[in-house]
Amino acid sequence: MHLLLVDELFATYSHPDSVPERTPYTAKLSLPGRAVELTAKALGLELEIIPINLIAGDHLTEEFRKLNPQHTIPLIDDSGTIVWDSHAIIVYLVTKYGKEEPGLYPADVVTRAKVNAALHFDSGVLFARLRFYLEPILYYGSTETPQEKIDNLYRAYELLNDTLVDDYIVGSQLTLADLSCVASISSMHAIFPIDGAKYPKLVAWVERLAKLPYYKATNLDGAEELAKLYRAKLEDNRAKAK
């Protein structure tokens with residue numbers, strides 16, 4: 001069985017004639033896409049990657065909109081069951097396929113509520129703040145790096161640092177909270193390095209997750225690619241504006 005996911009931002013998308021089970025549509029540079037990939041790795045699920053070219057607007061085609069009217073990635077096609085939004089996807093995957101890894105999304109109501117809170121924190125704070133900083137530069141030719149948006153990113157570091165009272169976001173065990181948040185934090189860190197003196201618990205947490213055997217190839221490489229693309233686009237935008 002396969003999960004279809006997009007791994008290249010600039011690859012060309014064409015819908016396959018037959019879609020394997022658990023197929024994610026995503027992009028390697030996509031923070032949420034990498035959260036889905038990390039979760040699949042933790043569950044031992046095989047991914048079949050379908051690349052989406054966001055810059056070229058593959059996600060805006062009529063064909064893709066039929067799969068997801070909100071035209072966002074990642075998206076999975078699990079034998080005809082379509083699920084979008086990374087947080088919904090990773091909960092779906094663990095609920096359906098995580099019998100041997102129940103700790104990723106604990107059944108205990110209180111613990112699960114804490115995991116859910118962290119997923120909303122990722123969606124509403126971490127990912128959102130980086131997205132609204134990067135989007136004008138990557139897609140609309142902006143030359144600006146607003147200090148207010150940068151300050152908001154550092155405030156997000158502070159919030160997560162203060163949240164970490166154990167080895168992981170929710171207790172002493174790896175959960176979906178960690179896999180989702182680290183995809184965002186690693187991308188932020190690649191552009192705006194985390195100050196270990198100010199945020200020691202956050203740095204220790206990232207280093208702890210970096211020891212996962214699949215972390216570098218599944219997450220870190222994409223985060224570094226995104227940072228490289230950001231710097232290149234900003235330089236190009238500024239050169240064109242002169």
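Helix 6 and helix 7 are roughly perpendicular to each other, a term for angles of 65 to 115 degrees. This is a predicted model, in which local features need pLDDT of at least 70, side-chain atom pairs count only at pLDDT 80 or more, and totals for chains, interfaces and linings use all residues. Residues are numbered from 1 along each chain as its sequence is written, and side-chain values use heavy atoms, with hydrogens and water left out.

**Exercise 1.** Describe how helix 6 packs on helix 7.

*Step 1.* Helices are DSSP runs (H or I, at least four residues), numbered from the N terminus.

*Step 2.* Look at who touches whom. Asp-178, Cys-181, Val-182 and Ile-185 of helix 6 meet Leu-202, Trp-205, Val-206 and Leu-209 of helix 7; contact means heavy atoms within 4.5 Å.

*Step 3.* Sort these by class: seven are nonpolar, none polar and one charged. Here Ala, Val, Leu, Ile, Met, Phe, Trp, Tyr, Cys and Pro count as nonpolar, Asp, Glu, Lys and Arg as charged, and the others, Gly among them, as polar.

**Exercise 2.** Now try helix 4 against helix 8.

*Step 1.* Helix 4 (residues 109-140) and helix 8 (residues 215-241) pack at an angle of about 55°, and their axes are 9 Å apart.

*Step 2.* That angle makes helix 4 oblique to helix 8; oblique is what remains once angles under 35 degrees (roughly parallel), over 145 (roughly antiparallel) and the perpendicular range are set aside.

*Step 3.* Helix 4 contributes Tyr-133, Leu-134, Ile-137 and Leu-138 to the contact, while helix 8 brings Leu-226, Leu-229, Tyr-230, Lys-233, Leu-234 and Asn-237.

*Step 4.* The classes are eight nonpolar, one polar and one charged.

**Exercise 3.** Which residues line the largest cavity?

*Step 1.* Know the term: on a 1 Å grid over the protein atoms alone, a cavity is a set of points where a 1.4 Å probe fits but cannot get out, and lining residues have an atom within 4 Å of a point.

*Step 2.* List the lining: Leu-31, Pro-32, Ser-86, His-87, Asp-122, Phe-127, Ser-180, Ala-183 and Ser-184.

*Step 3.* Assign the helices. Helix 6 gives the most, with three residues.

*Step 4.* Classify the lining: four nonpolar, four polar and one charged.

Key:
Axes fitted to C-alpha atoms, helices over the stretch in contact; angles between N-to-C directions. Helix = DSSP H or I, 4+ residues; strand = E, 2+ residues; numbered from the N terminus. 1 Å grid on protein atoms, 1.4 Å probe; cavity = no way out; pocket = protein on both sides within 12 Å on 5 of 7 lines; lining within 4 Å.
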